Amino acid sequence: QVQLVESGGGLVQPGGSLRLSCATSRSIFSIYVMGWYRQAPGPQRELVATITNGGSTDYADSVKGRFTISRDSAKNTVDLQMNTLKPEDTAVYYCNAHRVVGVSTWDYWGQGTQVTVSS
């Protein structure tokens, strides 16, 4: 059973910082593209950032320059450092592991962690 365990959410004032962390198994961490998504109230889940096992990163335009995704191979963790937070960053943040092989796709999700940006 694949597990993605998130931590680090909470309440922060606008302009503040938070760091989210996602822990998983070595077998997932080493071959899957890891990422963070978020979902504000509503049906749409939005990509925030991804990182490959080679370290290539990609970010949503709305977080570029403010958020940084990183991975720690020794701990099998993927972190999301969020700076200069805005009220519109308020959402449930989900860790994701994604893999495509040919026509087959695998996606695993964490349970989500709430981030609230409010004064």
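1. Basis. This is a predicted model, in which local features need pLDDT of at least 70 and side-chain atom pairs count only at pLDDT 80 or more, while totals for chains, interfaces and linings use all residues. Residues are numbered from 1 along each chain as its sequence is written, and side-chain values use heavy atoms, with hydrogens and water left out.

2. Strand 7 and strand 8. Strand 7 is joined by six bridges to strand 8 (residues 77–82), and the two run antiparallel. Within this pair, S70 stands opposite D79 of strand 8. Helices (H or I, at least four residues) and strands (E, at least two) are DSSP runs here, numbered from the N terminus. Two strands count as paired if DSSP finds at least two bridges between them.

3. Strand 1 is linked to strand 3 (residues 18–23) by three bridges, in antiparallel fashion; here E6 stands opposite C22 of strand 3. Strand 3 is in turn joined to strand 8 by six bridges, again antiparallel, and R19 has Q81 of strand 8 as its bridge partner. As background, strands of a sheet pair through backbone hydrogen bonds, either parallel or antiparallel.

4. D79. What surrounds D79, not counting residues up to four places away in sequence? D79 touches R19, L20, S21, C22, W36, T68, I69 and S70, where contact means heavy atoms within 4.5 Å. This strand 8 residue counts as buried because its relative accessible area is 14%; the classes are buried under 20%, exposed over 50% and partly exposed in between (1.4 Å probe, protein chains only). The D79 side chain makes polar contacts with two side chains, that of S21 at 2.8 Å and that of R19 at 3.2 Å. A polar contact is a pair of N or O atoms within 3.5 Å; within protein, one must be able to donate a hydrogen and the other to accept it, and residues adjacent in sequence count only if both atoms are side-chain atoms.

5. D89. Leaving aside neighbours within four places in sequence, the contacts of D89 are R38, R66, F67, T84, V115 and V117.

6. T57. This residue lies in strand 6 (residues 57–59) and is partly exposed, at a relative accessible area of 39%. Not counting residues up to four places away in sequence, T57 touches T50, I51 and I69. T57 and G112 are 55 residues apart along the chain, and their C-alpha atoms are separated by 21 Å.

7. The hairpin of strand 9 and strand 10. Strand 9 (residues 91–101) runs antiparallel to strand 10 (residues 104–109), with six bridges joining them. V101 stands opposite S104 of strand 10. Two residues lie between the strands of this hairpin, and G102 takes a positive phi near 65 degrees.

8. The chain as a whole. The protein has one helix and 11 strands, in the sequence pattern β-β-β-α-β-β-β-β-β-β-β-β. Its radius of gyration is 14 Å, which agrees with the value near 14 Å for a compact globule of 119 residues; the radius is taken over C-alpha atoms, and the globule rule is 2.2 Å times the number of residues to the power 0.38. The C-alpha atoms fill a box of roughly 45 × 30 × 25 Å along the principal axes.

9. Of the 119 residues, 40% count as buried. Among contacts with a separation of 6 or more, 55% come from residues 24 or more positions apart.
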